[in-house]
Amino acid sequence: MRIDLHAHSRVSDGTETPTELVAAAVEARLDVLAITDHDSTSGWDEAADAARRLGLTLVPGMEVSCRTPEGISVHVLSYLQDPAHAGLLEEITKAKDARLSRAEHMVSLLAEDYPLSWDDVTRHLAPGATVGRPHIADALVAAGVVDDRAEAFATILSSRARYFVQHYAPEPALAVELVRAAGGVPVFAHPVASARGRTVGESVYREMIDAGLAGLEVFHRDNPEDRRPFLTHLASEAGLFVTGSSDYHGAGKPNRLGENVTTPEAFGEIERQGRGTAVVRP
């Protein structure tokens, strides 16, 4: 069984509709796919319809954007949560609103030096999508400023660039608590992805574990090989399961569906613990 539990559609920063994402998963010979758009569940219904039609098992999920008090970005994958849970919905709505004002501010700074407007960015947004740096990157590519998203993130959109603006996001332990309260199963996404920026120390892992963390995404292209033993040891010690995923974004990243996969045992544990919504089966 081939199981990929981390993929994005155009509802956040992927390049494919939820239907196209499901079709791509079928083409990649996946048996199970999780749709995990950033801070949004808007793609669930469309993805579920496509999964039933195309014979794929779908795990409804979301990737919650978090930040530590020190400003370190953390992502928490939430599986099978109740999408209408008031506490979680309030927090992600606050974060989405902050993303919008942050993006507008970044574009105004970039416009001082590059041929870029807010309209250029919104052309790359699907209706109802959560705006973010990837959409600004796409606009910069279209304007000929950079060759691709990777170059944009490595240079003018990096956290070290003068155009970078912080935005509100919940602390990781709070996100874990809210996911659990919503009946979801929280997993720490790409926790040692140092190429993306600073990563957290063990104290943050402990806070998240105490708050109800269920698993660690160990097998991910951005987790360096030499750091994975630390994750597997911590998972074993704390009674967490481990997952493997692609973090697929369509044409937005080089990541390919199924390049890392999750065991059926870990998938079964997610389904056992999840009580906010159900796995969609064909």
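Author: Happy to! Let's start with a term: a residue is called buried under 20% relative accessible area, exposed over 50% and partly exposed in between, using a 1.4 Å probe and protein chains only. Tyr205 counts as buried because its relative accessibility is 1%. This is a predicted model, where local features need pLDDT of at least 70 and side-chain atom pairs count only at pLDDT 80 or more, while totals for chains, interfaces and linings use all residues. Residues are numbered from 1 along each chain as its sequence is written, and side-chain values use heavy atoms, leaving out hydrogens and water.

Tyr205 sits in helix α8, residues 202-211. Helices (H or I, at least four residues) and strands (E, at least two) are DSSP runs, numbered from the N terminus. Who surrounds this side chain? Setting aside neighbours within four places in sequence, Tyr205 is in contact (heavy atoms within 4.5 Å) with Phe188, Pro191, Val192, Val200, Leu216, Phe230, Leu231 and Leu234. For a sense of scale, Asp148 lies 57 residues from Tyr205 along the chain, and their C-alpha atoms are 33 Å apart.

One of those contacts, Phe188, leads us to strand β5, which covers residues 185-188. Strand β5 runs antiparallel to β4 (residues 73-79), and 4 bridges join the two; strands pair if DSSP finds at least two bridges between them. Within this pairing, Val185 of β5 stands opposite Tyr79. Both strands belong to an open sheet of 7 strands with mixed pairing, in the order β1-β2-β3-β4-β5-β6-β7. Its edges are β1 (3-4) and β7 (241-244), each pairing on one side only.

Burial can also be followed along a whole helix. In α10, residues 264-273, the buried residues are Ala266, Phe267, Ile270 and Gln273. They share one side of α10, because they cover an arc of only 130° around the axis, taken from the directions from the helix axis to the C-beta atoms. An α-helix has 3.6 residues a turn, so residues three or four places apart point the same way. On the face of α10 turned away from the buried side, Glu265 and Arg272 are exposed.
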